Amino acid sequence: DVFGQYCQADGSEPSPDQNVKISRISCDVLLARRHTGILRRLEFVGSDGSLSYFLLEQGVNPATQRLEERMSQICRLIQVVLDKEFSLHNRNLKLDCTFLMPISGHTRLISDDPSNIALSEALECDLEEKGQARELPYLMFQRLYSDVLLEKRDLRTGNVSREDNLTARLEAYSRLCNEVPDTVLREWFFKMCQSPSDLFSLRRTFAKSHGVSSMMNYMLA
């Protein structure tokens, strides 16, 4: 069966006879850039002709993998609540509930939708126009993080406490955000749209997505 069809968060029984079967795996393997690096995107062709995309991620920490699986289950449960609320359902507010399928202790498949666009693409587009590498923010973060961590390191033992480590990461992230121009996202919106109606539709969709994401971050913080 195509992965992710046995994840009924509403408690209903799965129907194996009605599930879409895997007809074949496409020979075309594309590359997708994510915050964890460049991943391989696999394309599964279902028995009904549908296409399902999954990212192959390797080198995953088992503890992190179990934590993200529980987070994905919580998101699906919250989505059931959103579907039952008429006002939220009428506004088409939905969570992007990914499916995580462990293959081994350090390898897993992650459901992916090629139509989804990450906000990092706006920053990458700005870097390309300036002739800078896409990896520049990651390199800058590592450099800033190392500099802040060096200031907080104990001179006698050379160790860093967990609190200081988290503080160093937050401070490095704040310094990196100060280097990003305030107009990056707005200019990227203008480039993506060909008419005022397209811009209005994109801003409306972004507002819904950002609102639901902010609500989830507040609930799980």
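Which side chains meet in a salt bridge at 3.0 Å, N to O? The side chains of R108 and E57 do.

## Basis of the model

This is a predicted model, in which local features need pLDDT of at least 70 and side-chain atom pairs count only at pLDDT 80 or more, whereas totals for chains, interfaces and linings use all residues. Residues are numbered from 1 along each chain as its sequence is written, and side-chain values use heavy atoms, with hydrogens and water left out.

A salt bridge is defined here as a side-chain nitrogen of Lys or Arg within 4 Å of a carboxyl oxygen of Asp or Glu.

The bridge between R108 and E57 links distant parts of the chain: R108 belongs to strand β6 (residues 107-112) and E57 to strand β4 (residues 51-58), 51 residues apart. Strands (E, at least two residues) and helices (H or I, at least four) are DSSP runs, numbered from the N terminus. R108 is buried at 4% relative accessibility, and E57 is buried at 9%. Buried denotes under 20% relative accessible area, exposed over 50%, and partly exposed in between (1.4 Å probe, protein chains only). A network of salt bridges links E57, E68 and R108.

## Pairs involving helix α3

E124 and R134 form a salt bridge of 3.7 Å, N to O. Because E124 lies in helix α3 (residues 120-129) and R134 in the loop between α3 and α4 (136-152), the pair ties together parts 10 residues apart in sequence. E124 is buried, at 10% relative accessible area, while R134 is partly exposed, at 29%.

## The D126 and K130 pair

D126 and K130 form a salt bridge whose closest N and O atoms are 3.2 Å apart. D126 is buried at 10% relative accessibility, whereas K130 is partly exposed at 49%.
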